[in-house]
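Please look over the sequence and the model below before reading on. The text then goes through the ligand site and one of the sheets.

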Amino acid sequence: MSEQDANRETTEASAYDVEAIQEKWRAVWDELDLFAADDSVVLSGTKEKRYALTMFPYPSGDLHMGHAEVMALHDVMARYWRMKGYEVLNPMGWDSFGLPAENAAIKNDTHPATYTYANIDTQFESFKRYGVSFDWARRFNTSDPAYYHWTQWLFLKLREAGLAYRKNSPVNWCPNDQTVLANEQVVDGACERCGAEVTKRELTQWYFRTTQYAQELLDSLDDLAPTWPSKVVNAQRNWIGRSEGAHVTFEVASTGSTTVPPITVFTTRPDTIFGTTFMVVAVDAPLAEELVTDEHRAAFETYRDEIRKASDIDRLATDRAKTGVDLGVFAVNPVTGARMPVWATDYVLADYGTGAVMGVPGGDQRDWEFATAMGLPIVRTTQPPADFDGEAFAGEGPAVNSPAAGVESELDINGLAVEEAKRATIEYLEKIGRGTGTVNFRLRDWLLSRQRYWGAPIPIIHCPVDGEVPVPEEQLPVLLPDLKGADLKPRGTSPLGAATEWKTVACPTCGGPAERDTDTMDTFVDSSWYFLRYVSPHDETQAFDSTLANAWGPIDLYVGGDEHAVLHLLYSRFFTKALRDMGLITWDEPFSSYLSQGKVLNQGRKMSKSLGNGVSLGDQLAEFGVDAVRLTLVFASPPEDNIDWADVSPAGSLRFLQRALRLSGDVDSAAGTSPEGGDVALRRVTHHVVHEAERLLDSHRFNVVVARTMELVNAARKAIDSGCGADDPAVREAVETVAILLSLVAPYTAEEMWSRLGHEPGIAGVPWPTVDEALLVEESVTAVVQIKGKVKARLEVAPDISEADLEAAALADPTIAGLIAGETVRKVIVRAPKLVNIVV
Ligand code: ANZ
């Protein structure tokens, strides 16, 4: 930077009072109300819609760097779409029920509502200051009765549709939060929120029947794959976990007087049936209890009680020592009639498949280890390659020992490849009535009831006469009782159970004494439909207006972290499909495109209090201003990548913004002057940048858009300081373009530039610049002229020059003419417009 430049920057810096500019424009923007989405133009079809959504925050504390990043990225698209002429719906609200608020409230000895709504106020102020183009008239909180009224209504609708039900089963239990968790909320055997090791409990709980949509949830991932991050698509695929196989039934040889039930297993490898040498039943499955003989019962019960303490993840861990107890009964192999022992073990899960497995040690490693530990026989039924030196073999190969020499069987699959062998086995089992081909999913139904206070009460009344009775619709919402001063500390049952007066009601059916359900809904229920509420947020008569939902939906771009890759996204997809089938919406998927942003780190690590490397958003905003922080976050990297705050420079961003702003003071030409006739070189740069920005924005490469804007700032500065001068209309065009591009990331600076350029406030409502295609065409290209492969001359020619003209121009060039004088030209090879090769 020259000294002159440096001096100018110092003076300009003082002229750029960040705080004052923010204050000034914030007030003006409130007045202008530019971001209110207009339903009517979308309903009438006068304008095409774009629904931009970013995951709404939990109101725990103030906004942090992570929020700042998502909002900055998200706002780029929302603002761009608006300038491109779309009617944009860009709403924001709060996911304000849930454990974080409740735990914090318990810790600080306040009511969750007090804590929650105070944080919402703080976050709202921060959002306003941050200048995101939200339509604030649509805000709501999921903990508002006006919202959870409809969460409860949707629960009842799902129940009516057979998609919500109650059952007793072993569930994941967090001993710290004293509540159940959905499978999705258990990460590596620990509670997703607090990290405590999850255990199992037998409880009667509410479930949503997500499994009913398993196949469709899987199939639609193919449609989402092009516009969703592949790791999220894969995570969902794995979570849904489809496997094809068969159910096979094994008779159990009767043990004296008692009748014993047969054992049905789910297997993905029916072709290995000849290698079944034992059966294993999940120790906590009711079947194990039914099968065990009196003689073995004591050992079985001791073992079971010990296993109940372990988590699923531990139980399935491949490195866990195999344990089990013999149940004392024998199962019969349906294809050979062979008798084999039945064991109970912990590596078989009670709630997957049928909770029982045919033990094939030759084909399944866990079975191999179990057989080895218990001294059970091992038979290979798939021939491994000659160089295979492992234990169980799960690969491709011809079937062997199927049946083994000397074994009688009507079925013979020896020599068949795995797929054919499977097909032949299933066909045979179906014929003899011992099995059927099936599809199995890993996806379980969604366990949604929670034993905590701060959530939407489940709108069900339990009556000793009528059983489960839904709260009549006109009595919704079932308000959460205040419980002021009550002890909300978790103790294994819902604190609502202690609200006797609230709990005791008359049965809506028989009028007799009954009790309300005292559980609340998982907060993921609230966030599974909030995107629908934004279309008619104040409607007191319905959850959402279907006509509006169909007009605005689905969401065109959803921005959020991939910690929600499975949970929230899968639940929202389930809700969408269920609501579609109820006729409430017409679309199949909620989020057409999903952008998952990286994390903001500091010094290579996640920001955290314990590491002492946290960066306060408030401090950064105070020091550098909103625009510099936003610009830094957008410019740092492609949106999907992590940003290390130690490696970026908000001070550098601020300097750039000052440089850009200074341009607006240097434009002398009058507003409205047509740029035609201005400096063509600068106009070319401007139009190239706009053209490229469109392409980059559509592919979410926001950081490169900033880089191009910086180039345009440099080009405009150069033009002013040298050649064309500040009164050139091309300079005005370039600087206005800078302001428009900057408005996507640095709205305050852009607005200030816009006003200094003599425009009315409201740059966010200005149309996106139209690219003049003619200015994108290169005026000339350099053609190289070679003699015998050596470059001898360069010519400036039109890009569309013909081969003949290029050849003539090359031969007429004085240098070339001199060099070939007296030689015989044998051949001229022309590749217009770039190359002429003369062979002499
Ligand atoms: C016999 C067999 C032979 C198996 C072989 C595998 C290989 P996915 O793909 O995950 O669905 N299995 C079935 N139910 C189970 C349960 N409740 N807990 C633990 N394991 C269970 O896996 C299905 C396979 O996992 C099934 O196929 C079964 O073992 C086992 F060479 O049956 B297989």
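In this predicted model, a backbone N or O atom of Thr 268 lies 3.0 Å from an oxygen atom of the ligand. For Ser 243, a polar side-chain atom is 2.6 Å from an oxygen atom of the ligand. For Tyr 352, the distance between a polar side-chain atom and an oxygen atom of the ligand is 2.3 Å. On its own the ligand has 640 Å² of accessible area, and the protein covers 84% of this.

Which residues make up the surroundings of the ligand? There are 16 of them, and the closest include Ser 243, Thr 268 and Tyr 352, along with Thr 267 and Leu 349. By type, the shell around the ligand consists of eight nonpolar, five polar and three charged residues. Two strands each contribute at least two residues to this shell: strand 9, residues 263-267, and strand 13, residues 356-359.

In general, the strands of a sheet pair through backbone hydrogen bonds, in either a parallel or an antiparallel way. Here, strand 1 (residues 49-54) runs parallel to strand 2 and is joined to strand 2 by three bridges. To see where these two strands face each other, find Arg 50, which stands opposite Val 88 in strand 2.

Definitions and conventions
Residues are numbered from 1 along each chain as its sequence is written. This is a predicted model: local features need pLDDT of at least 70, side-chain atom pairs count only at pLDDT 80 or more; totals for chains, interfaces and linings use all residues. Side-chain values use heavy atoms; hydrogens and water are left out. A residue is near a molecule or strand if one of its heavy atoms lies within 4 Å of it. A polar contact is a pair of N or O atoms within 3.5 Å; within protein, one must be able to donate a hydrogen and the other to accept it, and residues adjacent in sequence count only if both atoms are side-chain atoms. Accessible areas come from the Shrake-Rupley method with a 1.4 Å probe; for residues, only the protein chains shown count as cover. Helices (H or I, at least four residues) and strands (E, at least two) are DSSP runs, numbered from the N terminus. Ala, Val, Leu, Ile, Met, Phe, Trp, Tyr, Cys and Pro count as nonpolar, Asp, Glu, Lys and Arg as charged, and the others, Gly among them, as polar. Two strands pair if DSSP finds at least two bridges between them.
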